[in-house]
Amino acid sequence: MTAVKKTITVRYFASIREAVGTGQETLQTGAATLGALRDELIARGEPWAGCLARGRAVRMALNQDMAQDADALPAGAEAAFFPPVTGG
């Protein structure tokens, strides 16, 4: 059974935005969760594979709320990826 594709907005911040060369994109995805979306983006290859790799510390948000891999990804959602913020 094939996953139904839905349209979402993906936003990238800070060093991740610099790596992928854009702050935002709209895409079609069959990902059911935020973690599955991250894996789809990693599967694109570089630069996504490097900056979103599973071994890297990456924070995620869904519709402007902090989120985890297992959170459901609804149609029309805004997913965001950004590096952890450090204080100084």
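1. F82 has a relative accessibility of 17% and therefore counts as buried; the classes are buried under 20% relative accessible area, exposed over 50% and partly exposed in between, with a 1.4 Å probe and protein chains only. The model is a predicted one, in which local features need pLDDT of at least 70 and side-chain atom pairs count only at pLDDT 80 or more, while totals for chains, interfaces and linings use all residues. Residues are numbered from 1 along each chain as its sequence is written, and side-chain values use heavy atoms, with hydrogens and water left out.

2. The count of aromatic pairs is 2. Rings of Phe, Tyr and Trp (its six-membered ring) pair if their centres lie within 6.5 Å; planes under 30 degrees apart are stacked, over 60 edge-to-face, and the rest tilted. Y12 and F81 make a stacked pair, with 6.5 Å centre to centre and 25 degrees between the planes. Y12 is in strand β1 and F81 in strand β5, 69 residues apart, and the pair links these distant parts of the chain. Helices (H or I, at least four residues) and strands (E, at least two) are DSSP runs numbered from the N terminus. Y12 is buried at 1% relative accessibility, and F81 is buried at 0%.

3. The rings of F13 and F82 are edge-to-face, because their planes stand at 80 degrees, with the centres 6.4 Å apart. F13 lies in the loop between β1 and α1 and F82 in strand β5, so this pair ties together parts 69 residues apart in sequence. F13, at 30% relative accessibility, counts as partly exposed.

4. The largest nonpolar core has 21 residues, of which L37, L41, L73 and F81 touch the most other members. Such a core is a set of buried Ala, Val, Leu, Ile, Met, Phe, Trp, Tyr and Cys residues joined through side-chain atoms within 4.5 Å. Two or more residues come from each of β1 (6-12), α1 (14-20), α2 (34-43), α3 (48-51), β3 (59-62) and β5 (78-82).

5. Leaving out residues up to four places away in sequence, L41 touches V10, Y12, E25, L27, W48, L52 and F81; contact means heavy atoms within 4.5 Å. The charged end of R44 sits over the ring of W48, 4.6 Å from its centre. That label requires NZ of Lys or CZ of Arg within 6 Å of the ring centre and within 35 degrees of the ring normal.

6. E78 is placed in strand β5. Its relative accessibility is 19%, so E78 counts as buried. Not counting residues up to four places away in sequence, E78 touches T9, R11, A61, L62, N63 and Q64.
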